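Student: Could you take me through one part of this structure slowly? I would like a close look at a single site and the residues around it.

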Amino acid sequence: MNTDPRPTLIAAARQFYQMGWMIGTAGNLSARRPDGNFWITASGCPKNQLIIDDFVLMTLDACRSEAYLVPQQSHTQKRPSAETSIHAAIYSLFPDAQACYHVHSIENNLVSRLIMGDALPLPPLEMLKGLGVWEENPQVAIPIFANHLEVSRIADEICTRFKTKMPQVPVLLIRDHGVTVWASSLEGVSNYLEIAEYIFRYMVAGQKIGLELG
Ligand SMILES: CSCCC(=O)C(=O)COP(=O)(O)O
Ligand SMILES: [Zn+2]
């Protein structure tokens with residue numbers, strides 16, 4: 001990824017706003033630069049009208065999964081997303097990840113309540129191939145994390161759980177909050193998000209008609 005990812009992030013945010021996944025200021029998008037630093041949306045920006053200055057450049061402390069403003073930017077008025085620690089955790093856990101998207105949709109909030117355990121089993125849909133699962137009758141579950149006011153707690157729990165057990169697909173849910181996906185390219189992360197949201201819509205629709213989802 002040699003070009004500035006911010007125009008792509010701006011276009012993606014507008015698309016997701018129109019889909020109802022980044023209503024108001026909800027959600028945050030980030031992408032890595034070749035030097036390992038990453039751009040992330042500034043906190044509290046309306047996601048349908050982002051501009052190039054609505055991003056903050058962060059360094060990643062890979063050992064501690066923490067992110068810091070790059071020194072040249074420390075004068076910026078904008079604060080990085082309140083959920084930067086989650087993006088930093090993903091980049092630290094998955095060195096190949098080049099982009100990380102987090103959105104709030106009605107469906108991703110609803111499916112996070114379909115089960116009270118810490119993983120959501122997915123129906124064995126053909127669409128799972130789009131998330132990299134090429135198996136007959138796949139048994140895939142998405143990890144669910146509790147939502148905490150202190151976002152660094154969510155990030156710590158992601159690090160702790162994923163260090164023991166890597167997720168089957170690059171998707172995680174935060175209960176009653178939203179979904180986070182990551183990929184090795186900007187194109188890939190958008191595809192993963194659209195596929196995850198398709199599966200969530202399918203599950204919500206299936207529940208409505210009493211479908212057995214397993
Ligand atoms: C109405 S959104 C509440 C905060 C949140 O969950 C989110 O995704 C946006 O936070 P940010 O600091 O990135 O604007
Ligand atoms: Zn959020």
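This is a predicted model: local features need pLDDT of at least 70, side-chain atom pairs count only at pLDDT 80 or more; totals for chains, interfaces and linings use all residues.

Tutor: Happy to! Leaving aside residues up to four places away in sequence, H104 touches G20, W21, M22, A26, G27, N109, H177 and G178. H104 sits in the loop between strand 5 and helix 3 (106–111). With a relative accessible area of 26%, H104 is partly exposed.

Now look at H102, which belongs to strand 5 (residues 99–103). H102 has a relative accessibility of 2%, so H102 counts as buried, the cut-off being under 20%. Its contacts, again not counting residues up to four places away in sequence, include M22, G27, E83, H87 and H177. The side chains of H102 and H104 make a polar contact at 3.1 Å. Both residues are listed by UniProt under "binding site", in an unreviewed entry.

What coordinates the zinc ion (ligand 2)? The donors are E83 (OE), H102 (NE2), H104 (NE2) and H177 (NE2), at 2.1 to 2.5 Å. Along the sequence, these donor residues follow the spacing E-x18-H-x1-H-x72-H. E83 counts as buried because its relative accessibility is 12%.

Finally, the geometry. The zinc ion (ligand 2) has 6 donor atoms around it, and they subtend angles of 72 to 179 degrees, which makes the arrangement octahedral. For comparison, ideal angles for six octahedral donors are 90 or 180 degrees.

Key
Residues are numbered from 1 along each chain as its sequence is written. Chains are lettered from A and ligands numbered from 1 in the order in which they are written. Side-chain values use heavy atoms; hydrogens and water are left out. UniProt positions are given in the numbering used here, feature names are shortened, and annotations may be inferred rather than shown by experiment. Helices (H or I, at least four residues) and strands (E, at least two) are DSSP runs, numbered from the N terminus. Buried means under 20% relative accessible area, exposed over 50%, partly exposed in between (1.4 Å probe, protein chains only). Contact means heavy atoms within 4.5 Å. A polar contact is a pair of N or O atoms within 3.5 Å; within protein, one must be able to donate a hydrogen and the other to accept it, and residues adjacent in sequence count only if both atoms are side-chain atoms. Donors are N, O and S atoms within 2.8 Å of the metal (3.2 Å for Na, K and Ca); water is not among the atoms, so sites may look incomplete. Four donors count as tetrahedral if all angles lie between 85 and 135 degrees; four count as square planar and six as octahedral if opposite donors are over 155 degrees apart and all others between 65 and 115; anything else is irregular.
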